[in-house]
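Please read this report alongside the sequence and the structure, which follow here.

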Amino acid sequence: MKGVETDFSRKMSYTDYLGLDTLLAAQKPLTGQHDENLFIIIHQVQELWMKLMNTEIGLALSCLRVDDLRPAFKALARVSRIQRQMVEAWDVLSTMTPADYLSFRDSLGSSSGFQSWQYRLLEIRLGARDSFMLKPHQHRADLSAILNESFHAPSLYDEALRLLARRGLPIPAHVLERDLATPYEADEGVVAAWGVIYRESAAYFDLYEMAEELVDLEDSFLQWRFRHMTTVERIIGQRMGTGGSAGVGYLKQALERRFFPELWTVRGRL
Ligand code: HEM
C-alpha cells in the first residue's frame, strides 16, 4: 500500500514500542497441557489491568489530597471501566473444566493469587489494613517497601474523609487522627456525615458524586471477588487453595470485607 511505512530496520516499530518480544515471551508453561497457557495469560492480563488501576488510584489519591476533584473523578471512572473488563474476564476462564485444571495444577506448587502484590497494593490503597497482606512479600525488599509505604499512608477512604472534614462536615477527630496502619473501624459519626451529603445532595454535589464513585468502585470490586469465588468453585469445588487457604470458604469470607463501610450503612438510614 502506497505511503504505508514498511522498512523498520532503522525505525521504531509497533513490536519495539510495545515491548512485544518481552511480553509474548513471558508465558512459560511448565507442562505441555493445553489449558496452562490460558491460566497464565488470564493472570497476566489481570495483573496488567491492576497495574493501570494502581496508577489511576495513585492519581486519584494525590488529587483528592489537594481538593482537585475533577481529575480524581476522571481517574476513578477509568478504574470502573477497567473493573468491568476484569469481571468479564472470568467468563473466559470458566471454559476451563476441573479436569483441565488438574492436568497442570501440581506444577503451580504453592504459588497463588494470594501472593499478588499488586492486588494487595490496591486493597491497601483503598483502605484495607491487615498485616497478613504484607507477609508473603517479606523476601522481596523492593515489593515490601512499596506495600509498606501505602500501608502507613492515608488510603483513598482516609483522603475522602479528610476532604469531608475540610468542607466542614463533622468527621470525628479520632477518625481523622487514627493510626493509619491499623484496620479502619466503622464510625457512627462518619455515617452521619455521609447522611448529610446524601440528604443535602444539591449543596454537596461534588461530595455526593464522589460518594457514588466510591460505591461504584467497591461494588465492582465485590463483583470481581464474587466471580472469582464462583469460577474457583466450579473448577476446584471445596479443594484447598494452592496458597494454603481453605479455598472457596476463604473466598466467601472475603466477600464480607468493605473498604468504605459507612457508605453502605448510610443507605439504610436515609
Ligand atoms: C483456576 C483458576 C483459579 C483458581 C482455582 C484460584 C483459586 C484461588 C484460591 C483457592 C485462592 C485463596 C488462596 C489460596 O489458598 O490459594 C485464591 C486467591 C486469589 N486469587 Fe485466585 N484462582 C484462580 C484464578 C485467579 C485469577 C485468574 C486471578 C487473577 C489475578 C486470581 C487472583 C487471586 C487473588 C488476587 C487472590 C487473593 C484473594 C484474597 O486474598 O482476597 N485468581 N485463588
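## An arginine and its partner

R227 is partly exposed, with a relative accessible area of 23%, where partly exposed is the range between buried (under 20% relative accessible area) and exposed (over 50%), calculated with a 1.4 Å probe on protein chains only. R227 forms a salt bridge with D91, with 2.7 Å between the closest N and O atoms; a salt bridge here is a side-chain nitrogen of Lys or Arg within 4 Å of a carboxyl oxygen of Asp or Glu. The pair links distant parts of the chain, 136 residues apart, with R227 in helix α11 and D91 in helix α4 (residues 69-93). D91 is also partly exposed, at a relative accessible area of 43%.

## Basis of the model

This is a predicted model, in which local features need pLDDT of at least 70 and side-chain atom pairs count only at pLDDT 80 or more, while totals for chains, interfaces and linings use all residues. Residues are numbered from 1 along each chain as its sequence is written, and side-chain values use heavy atoms, with hydrogens and water left out.

## Other salt bridges of helix α11

The whole structure holds 14 salt bridges. One of them joins the side chains of E123 and R225 at 3.0 Å, N to O, and this pair links helix α6 (residues 117-126), which holds E123, to helix α11, which holds R225, across 102 residues. Both E123 and R225 are buried, and they belong to a network of salt bridges together with R120 and R257.

A further salt bridge is formed by the side chains of E212 and R267 (2.7 Å, N to O). E212 lies in helix α11 and R267 in the segment after α13 (261-265), so the pair ties together parts that are 55 residues apart in sequence. E212 is partly exposed at 31% relative accessible area, and R267 is likewise partly exposed at 35%.

## The ligand and its iron atom

The iron atom of the ligand has a single donor from the protein, NE2 of H228, 2.3 Å away; donors are N, O and S atoms within 2.8 Å of the metal (3.2 Å for Na, K and Ca), and water is not among the atoms, so sites may look incomplete. H228 is placed in helix α11 (residues 205-236), helices being DSSP runs of H or I with at least four residues, numbered from the N terminus.

The ligand is surrounded by 29 residues, the closest being S112, R120, H228, S245 and Y250, where a surrounding residue has a heavy atom within 4 Å of the ligand. Helix α11 gives the largest share of this shell, 6 residues.

Methods:
Helices (H or I, at least four residues) and strands (E, at least two) are DSSP runs, numbered from the N terminus.
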